[in-house]
Amino acid sequence: MIIPFDWRSWSEEAERYQMDPEALQAADLLTLRKLLTAHVRAERFAEGHLASVFESGHITAILRRLKQIRKEMT
């Protein structure tokens with residue numbers, strides 16, 4: 001799921017998805033992969049970042065959207 005891309009330059013977009021649940025509900029697979037990548041990479045520079053996004057429910061929301069996309073594919 002983790003992909004190589006310039007996640008730092010994409011941080012404003014990632015924040016938009018984190019702040020807007022409706023945008024996340026419409027996110028495509030590539031966007032979800034970018035979000036997961038950005039969160040994992042951010043942990044390297046800000047210890048506790050992953051714990052924070054887990055606690056906020058954002059990772060759970062990403063996983064739910066992934067599940068929805070998978071269901072739509074079958």
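How many aromatic pairs does the structure hold? The structure holds 3 aromatic pairs (ring centres of Phe, Tyr or the six-membered ring of Trp within 6.5 Å). This is a predicted model, in which local features need pLDDT of at least 70 and side-chain atom pairs count only at pLDDT 80 or more, while totals for chains, interfaces and linings use all residues. Residues are numbered from 1 along each chain as its sequence is written, and side-chain values use heavy atoms, without hydrogens and water.

**Aromatic pairs**
- The ring centres of Phe5 and Trp10 are 5.8 Å apart with planes at 80°, so this pair is edge-to-face (planes over 60 degrees apart; under 30 is stacked, the rest tilted).
- Phe5 is partly exposed at 22% relative accessibility, whereas Trp10 is buried at 14% (buried is under 20%, exposed over 50%, partly exposed in between, with a 1.4 Å probe and protein chains only).
- Trp7 and Phe45 form a tilted pair, 5.9 Å centre to centre with 35° between the planes.
- Trp7 lies in the segment before α1 (11-19) and Phe45 in helix α3, so their pair ties together parts 38 residues apart in sequence.
- Phe5, Trp10 and Tyr17 form one aromatic cluster.

**Helices α3 and α5**
- The axes of α3 (residues 29-45) and α5 (residues 58-73) come within 10 Å and cross at roughly 155° (helices are DSSP runs of H or I, at least four residues).
- That makes α3 roughly antiparallel to α5 (an angle over 145 degrees).
- The contact (heavy atoms within 4.5 Å) includes Leu32 and His39 of α3 and Ile62 and Arg65 of α5.

**His39**
- His39 of helix α3 is buried, with a relative accessible area of 4%.

Methods
Axes fitted to C-alpha atoms, helices over the stretch in contact; angles between N-to-C directions. Helix = DSSP H or I, 4+ residues; strand = E, 2+ residues; numbered from the N terminus. Parallel < 35°, antiparallel > 145°, perpendicular 65-115°, else oblique.
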